[in-house]
Amino acid sequence: EKIIKNKKIQKLQMPLRLFEKQIKYLKKEFQIISLDYLHECLKNQYKLSPKDVVITFDDGYKNNNNIVLPILSTMDIPFSVFVSTNHIENDFIFPTTIIRMILYGTNLGQIDLPSQNKKYKIENFYERDNLHKNIISLIKNSNFKKSNKIINDIRNLVSNDQWEELVNCYASELPMNWEDIHNLNDHGVTIGAHSHNHVLLNDYQSCSYINNQITKSLEMIKKKIGKCSYMCYPNGGFKDISKVAHGIVRDLFQLGFTLEHGEILKNLDNHLLPRIFASFDYNCFKYNLNNSQSFNKSYMGLYKKYMEDKNK
């Protein structure tokens, strides 16, 4: 986003100048390849270089179309966006963003969660941060019905007028619509699935719910733009990916991506591939790229444990 007004709320938005600086560095020092080319390489066992990188974005923020696309298409750089289809379809703001907007965009001194029969008093920044952390943890460790109730409780803390003000102030948090997706697709951007409701596909969800989340996302994208071959798991840590989710993604998609840090090495499961998060510190960003192999040991440890548990 061009201007970050509140880092707590816009924690996933990168200042425009920093983004451009990172992209220029990637263009100069690395070989930026498309997701389709990566898939070809993995399918046909072509050798990938440590200098090959794929650029991906998650969720489907509006600025992927109106800011990212003009910059990257001008530089002839391929990229991919994994979208959460219910948010694209209905203009819903992402669940954890709603929590951040209301906790950090207002001066509420008390947070009531009627669905949980809980009330929290907030007297300082420390308590606000702590409550935010606890609510996010609660949502990530609940099934969809319970987490939805909590999000609705939080949304109901402010009036519709207050909510509109927050949305207008933090337009960077808005999702794309299908027209935006069509525009990206027309410019050669790869559109992948990211579930329907951006819900964690973990063991707290029922098998039928997980299946519905993945298949609905896939079907909607295919219906709108004709194809969808890749999936990224929401949140994307191994703990966020149930064995059921992994199995469905393996059956329906060519590649599946986690949010675990690491390089794409030989003989990995193509539906549990690692990525490297773009750091908001430029020196850290360069360091992570040039020392990406340092993440592999940790990733392989988690990967092996996941595969062993899966086969038990």
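Modeller: Gladly, and here is a first term: two residues are in contact when they have heavy atoms within 4.5 Å. This is a predicted model, in which local features need pLDDT of at least 70 and side-chain atom pairs count only at pLDDT 80 or more, while totals for chains, interfaces and linings use all residues. Residues are numbered from 1 along each chain as its sequence is written, and side-chain values use heavy atoms, with hydrogens and water left out.

Biologist: Let us begin with His-132: which residues does it touch, not counting residues up to four places away in sequence?

Modeller: His-132 is found in helix H6; helices here are DSSP runs of H or I with at least four residues, strands are runs of E with at least two, and both are numbered from the N terminus. The relative accessible area of His-132 is 13%, which makes it buried, because buried means under 20%, exposed over 50% and partly exposed in between (1.4 Å probe, protein chains only). Once residues up to four places away in sequence are set aside, His-132 touches Ile-99, Arg-100, Leu-103 and Tyr-104.

Biologist: What distance separates the C-alpha atoms of His-132 and Phe-30?

Modeller: Along the chain, His-132 and Phe-30 are 102 residues apart.

Biologist: How many salt bridges does a search of the whole structure find?

Modeller: Side chains of opposite charge can pair when their charged atoms come close. To be counted as a salt bridge, a side-chain nitrogen of Lys or Arg must be within 4 Å of a carboxyl oxygen of Asp or Glu. With that rule, a search of the whole structure gives a total of 7.

Biologist: With which residue does Asp-129 form a salt bridge?

Modeller: Asp-129 lies in helix H6 (residues 125-140) and its partner in the segment before helix H1 (16-29), so the pair ties together parts that are 121 residues apart in sequence. The closest N and O atoms are 3.2 Å apart, and the partner is Lys-8.

Biologist: Is Asp-180, which meets Lys-62 in a salt bridge, buried or exposed?

Modeller: The N to O distance of this salt bridge is 2.7 Å. It links Asp-180 in helix H9 (residues 178-186) with Lys-62 in the loop between strand S3 (56-59) and helix H3 (63-74), 118 residues apart. Lys-62 counts as partly exposed at 26% relative accessibility. Asp-180, with a relative accessible area of 10%, is buried.

Biologist: In which helix do Asp-309 and Lys-305 both lie?

Modeller: The side chains of Asp-309 and Lys-305 meet in a salt bridge of 3.1 Å, N to O. The two residues are 4 apart, about one turn of the helix, and that helix is H13 (residues 296-310).

Biologist: What is the nearest side chain of opposite charge to Asp-240?

Modeller: Asp-240 lies in the loop between strand S8 (230-232) and helix H11 (243-252). Beyond its neighbours within four places in sequence, Asp-240 is in contact with residues including Leu-200 and Pro-234. Lys and Arg count as positive and Asp and Glu as negative, while His and the chain ends are not counted. Asp-240 is buried yet has no salt bridge, and the nearest side chain of opposite charge, 4.0 Å away, is Lys-239.

Biologist: Near what value is phi of Ser-195?

Modeller: Ser-195 has its place in the loop between S7 and helix H10 (207-225), and it counts as buried at 0% relative accessibility. Its phi is positive, in a residue other than glycine, and lies near 75°.

Biologist: And near what value is phi of Asp-76?

Modeller: Asp-76 lies in the loop between H3 and strand S4 (80-83), and it counts as exposed at 67% relative accessibility. Its phi is also positive in a residue other than glycine, with a value near 60°.

Biologist: What distance separates the C-alpha atoms of Asp-91 and Leu-174?

Modeller: Asp-91 lies in the loop between helix H4 (85-90) and helix H5 (95-105). Although Asp-91 and Leu-174 are 83 residues apart along the chain, their C-alpha atoms are separated by 7.5 Å.
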